[in-house]
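Hi,

Here is the model I promised to pass on to you. Have a look at it first, and then read my notes below.

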Amino acid sequence: MDFLYHVNMAYYLWGELMQINRLFEIVYLLMNKKRVTANKLASHFEVSKRTILRDIDTLTTAGIPIYTTQGKGGGIFIQDTFVLNKALVSEDEQKQILFALQSMSATEFVETGQVLGRLQSLFANPSKEWIEVDFSRWGHSAADNAKFDMLKHAIMNEFAVSFDYISAYGETKGREVYPLKLSFKSKAWYLQSFCQVENEYRVFKFNRISNMVVLDKPFNSSDYEPSKIEPPEDPAEPGLVDVRLLVSSHAKYRIYDEFAESDITVNKDGTFTLRMQGQWIYDYILSYGTAIELLAPQYMREELLVRIERIKNKYLSKT
């Protein structure tokens, strides 16, 4: 059997969320105990004997040489010459699988810690933990992780959720949605969903969601098509504008933190020209305080002065 077959089979196994941990552990047990009965495996995993036999069929179909014998001393065993790291995947592919599990560990997905440990043992590879994934923001780990876990639970188990949401227009509204998928795009998490309030597909920015509750209201995710989901709502956007900025040396790092290199031009005089879009341009520039000067275009300099004057008047009116 060629490797593509095994890859396809692996995707199938990963899709069976309730089964994958058991499948790996069956192989792990057989490689260590050599021979065990279906009844003992059923008792160990607290499932039926029929379920175990289906698991064995799945593993043999995937190309793992598992055999059964009847009678006294019989049972299920794995071929003595079987070595997982040579039979299915190369050393480089092993590292990629272990890396994928390490990066998934932040989601606590299908007990990745246990699966990772067993695969490392089966591959005889103590994989270096060179990556750590944390979905939370600095200083907000507990709240972000709790919210992420609630959404994961709701999506996996197909339950509606309700929450308060602050739109790009600054309005706070209560929402009730069928959560379909979490996605990460442009440095932020988004919830793809079907909104019951608007009766349409909507995307919500994770950080703007608050007071979330998982409802005892099941839905069937197969009735919805995430492919129909449009980007999150935003105020009307003007076209891209070339904005020339003079930035103090101690604040230049922000340019590279927040823009793609393709949108940054470093001018000979030390200034920057950025390709920018949106009503947020002025707020972005003001967030630098005195560490930035907008040099061009002129109409934006004039608009920025108007906004600065409004800010000044707001403070003067309260003195």
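A quick term to begin with: pLDDT is the predictor's confidence in each residue, from 0 to 100. This is a predicted model, so local features need pLDDT of at least 70, side-chain atom pairs count only at pLDDT 80 or more, and totals for chains, interfaces and linings use all residues. Residues are numbered from 1 along each chain as its sequence is written, and side-chain values use heavy atoms, with hydrogens and water left out.

For the protein, the mean pLDDT is 76, and 68% of the residues reach 70 or more. Over residues 1-17 the pLDDT is below 50, and this stretch has 25 contacts in the model (heavy atoms within 4.5 Å) beyond near neighbours in sequence.

Now the overall picture. Of its 319 residues, 38% count as buried, meaning under 20% relative accessible area with a 1.4 Å probe, protein chains only. If you take contacts with a separation of 6 or more, 61% come from residues 24 or more positions apart.

E2 and E3 (residues 75-78) run antiparallel, joined by four bridges. Within E3, Phe77 is the bridge partner of Tyr67.

Cheers

Definitions and conventions. Pairing = 2+ DSSP bridges. Helix = DSSP H or I, 4+ residues; strand = E, 2+ residues; numbered from the N terminus. Buried < 20%, exposed > 50% of the residue type's maximum accessible area, 1.4 Å probe, protein only.
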